[in-house]
Amino acid sequence: MEEIQLKNDGAVTTLSRVDGRLKVTGAAKYSAEYKVPGLTYAVLVPATITSGTITDMDTKAAEHAPGVLAVMTYLNAPQVPGYQPDPSKPARKSLKLFIDNKIFFNGHPIALVIADTFERATYAASLVKATYQQKAFETDFNKNIDKGVTPGGGRYTDYVRGEADAYKNAPVKVEQEYTLPSEMHNPMELHVTTAIWDTADKVTVYTKTQGVKNTQRAIADAFKLDINNVQINSRFVGGAFGSALRTWPHEIAAVQAAKMVNRPVKLVFTREQQFTLVGYRPHTVQKIGLGATPDGKLVGITHESHSQTAVYEEFTEGSVNVSRFLYASPNANTRYKVVPLNVGVPAPMRGPGEATGSFALESALDELSYALNIDPIELRLRNYADTDLERNLPWSSKYLKECYQLGAEHIGWDKRPTKPASIRDGEWLVGYGIGCGAFGAHRGKALAKAKLMPDGSVNIQSAASDIGPGTGTAMVLIASNVLGISPGKITFDLGDSSYPQAPTQGGSATVSTVGSAVHDVCIALKQKLNTLTGKPEGDTAPIAYDNVLKQLNLPYLEVTKDSQGGDEGQKYSMYSFSAHFAQVHVHPATGVVKVKKVVAVVDAGKIVSHKTASSQMIGGAVGGIGMALTEEILFDDRYGRYVNNNFADYHVPVNADIPQMEAIFIDKPDPYVNPLGTKGIGEISLIGVAAAIANAVYNATGKRIRTLPITPDKLI
């Protein structure tokens, strides 16, 4: 049943998820749930060393195990044409499975067993044996931090505005180091790929992906297929957080395996493999130097970052970028390096880079506020950036001051003690903190197709993905408000590569990009109807959608429209902004931290769907609580293996960890980013949360924890 709320102008602003009933009843089909005739099952075999080469493979026992069809290794794998070097293109380092005998990290897949049941494939995989020539390996980040290198390509060269390291000459300064351990994606849905070769040159793939078009292109390129002969399906995705932004080597391997046995193959990860083979937020050590005048005006900001990457592929993210523009410092400089290790390659994780960088910057700013004896909000106001000093451009819109004000009111900032460890609630120390963030408001190119049916219903298609934010719901709301018809008469289809072009769901840009295409195609549909019916220009009378096709004697009416931005990004600096507030209780005897309340205030332009946007904000804050208090992957550097690569030992926040949360939206349209006036919220919902909690813990206890997570042992 629809739950609809209207604004005074009649626009629909709240709608229950259009796919909610499918999900809660189990009717929604995820990529592992498609049953196809002749389906077989594949299981990966991991390397047991961390660096070296395979000198011998014994697969005989596995090959003769019950139900086994094949064991694929580098010795017999079908050739992937796209893996062959192209002399006309620069070589790009990345992991390619089953092409040679090299091992780059512990858990590197060395074989893939295909059998008629998952259980038989799992058993047979345990029978595969390999002999190795081991090499020295490096997995200890701190031991190798001095080996950090500036990434190639020119994007990550040192940045300087004004004078480098000017903070050192300021009357008041803070110099500190902040550490974030590797943090794993761990969505509920495991990564899965089912591959079916329909003919010798045509393949259908059900896979967990945030971008069906990108996956279509990647598989077409790998196997040198006509792109129209590659069909990718990913209608429902059970969370991803960035882990499905790219086409991973196991997806190519599943397609290889289906070619090898000439039958459909399903490859599903174990939870342990989720930790190893689909990326994570990289271990990062950051140094921040802040200098200010006694009245709190920033003199200089220096932000340095060393971040983990893989020896076989260079991963980068913008962890230092936020320090270049968020505050009005005349002098700012950043340095960014990556440290290659024998580990799986990292990947973007919600709020990539900016979430990491904001923890350091916002913690350091909090430390500066105590050194100056200035309220943390007041310090931010004294250094409010009215323009983007990095790009020397005006903001497309910025209402961060309003975020400060509303957040302070709703968290009860006036109760915050100016002296740490001075307020108690029974046995518990009480503290308050703020952490701010920014993330680019992006708009790409997308197409949408709208089809009006004789009963007045409208179907819209675009090859977008939905990893959980409620993409379909937002698109239905946009279409409903443009067309002036009930959301119940509109359907939105996505997650299918045969639909019109849409970008990968990432970077908080789906509503801005695909939503604009839906907006534009609905306008085009109305214009076409007006033309066909001879409706006078300027006539605003509602269109009788259920009668017009009968009048025109048409079975349906279809319009496809592309949509993209212009040069707005060259004229304005476009960002979403957030101010997160936290109230915590800390037990001084045990070191236990309880987050009692979180208030997230966001300047994200016009909010299309208040209900799903609020869920987005709460979900992001939960991720921020995990970053601040519980999540940490542990490595045994003697063997190069994860210690806690399971849900029992890797601690994500549970219901008992989650407090009262309040999401507040400024809800003022941005006039330049797109025709909807929206800016993204997916990333900004997490950026700043960890700093807010860490700052609240200091306010409660007087103990500054600069290495996440903030566990009880660090507070006792």
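Over the ring of which residue does the charged end of Lys398 sit? The first view below has the answer. These close-ups come from a predicted model, in which local features need pLDDT of at least 70 and side-chain atom pairs count only at pLDDT 80 or more, while totals for chains, interfaces and linings use all residues. Residues are numbered from 1 along each chain as its sequence is written, and side-chain values use heavy atoms, with hydrogens and water left out.

**View 1. The charged end of Lys398 over two rings.** Here is the residue we asked about: the charged end of Lys398 sits over the ring of Tyr384, 4.1 Å from its centre. A charge sits over a ring if NZ of Lys or CZ of Arg is within 6 Å of the ring centre and within 35 degrees of the ring normal. The charged end of Lys398 also sits over the ring of Phe577, at 5.2 Å from the centre.

View 2. Rings of Phe, Tyr and Trp (its six-membered ring) pair if their centres lie within 6.5 Å; planes under 30 degrees apart count as stacked, over 60 as edge-to-face and the rest as tilted. By this rule the model has 17 aromatic pairs. Helices (H or I, at least four residues) and strands (E, at least two) are DSSP runs, numbered from the N terminus. Trp395 also pairs edge-to-face with Phe577, at 5.4 Å centre to centre and 90° between the planes. Again distant parts of the chain are linked, since Phe577 in strand β28 is 182 residues from Trp395. Ring pairs join Phe325, Trp395, Tyr575 and Phe577 into a cluster.

View 3. Buried means under 20% relative accessible area, exposed over 50%, and partly exposed in between (1.4 Å probe, protein chains only). Trp395 counts as buried because its relative accessibility is 9%. Tyr575 is buried at 14%, and Phe577 is buried at 0%.

**View 4. Strand β24 and its partners.** Two strands pair if DSSP finds at least two bridges between them. Seven bridges join β24 to the antiparallel strand β27 (residues 557–563), where Ser563 is the bridge partner of Ala446. Four bridges join β24 to strand β25 (residues 458–461), also antiparallel, and Lys449 stands opposite Gln461 there. The hairpin of β24 and β25 has five residues between the strands, and in it Gly456 takes a positive phi near 90°.

**View 5. The two sides of helix α13.** In helix α13 (residues 545–552), Tyr545, Val548 and Leu549 are the buried residues. They are on the same side of α13 because they cover an arc of only 90° around the axis, taken from the directions from the helix axis to the C-beta atoms. The face turned away from this buried side carries the exposed residues Lys550 and Gln551. After α13 comes Asn553, with a positive phi near 60°.
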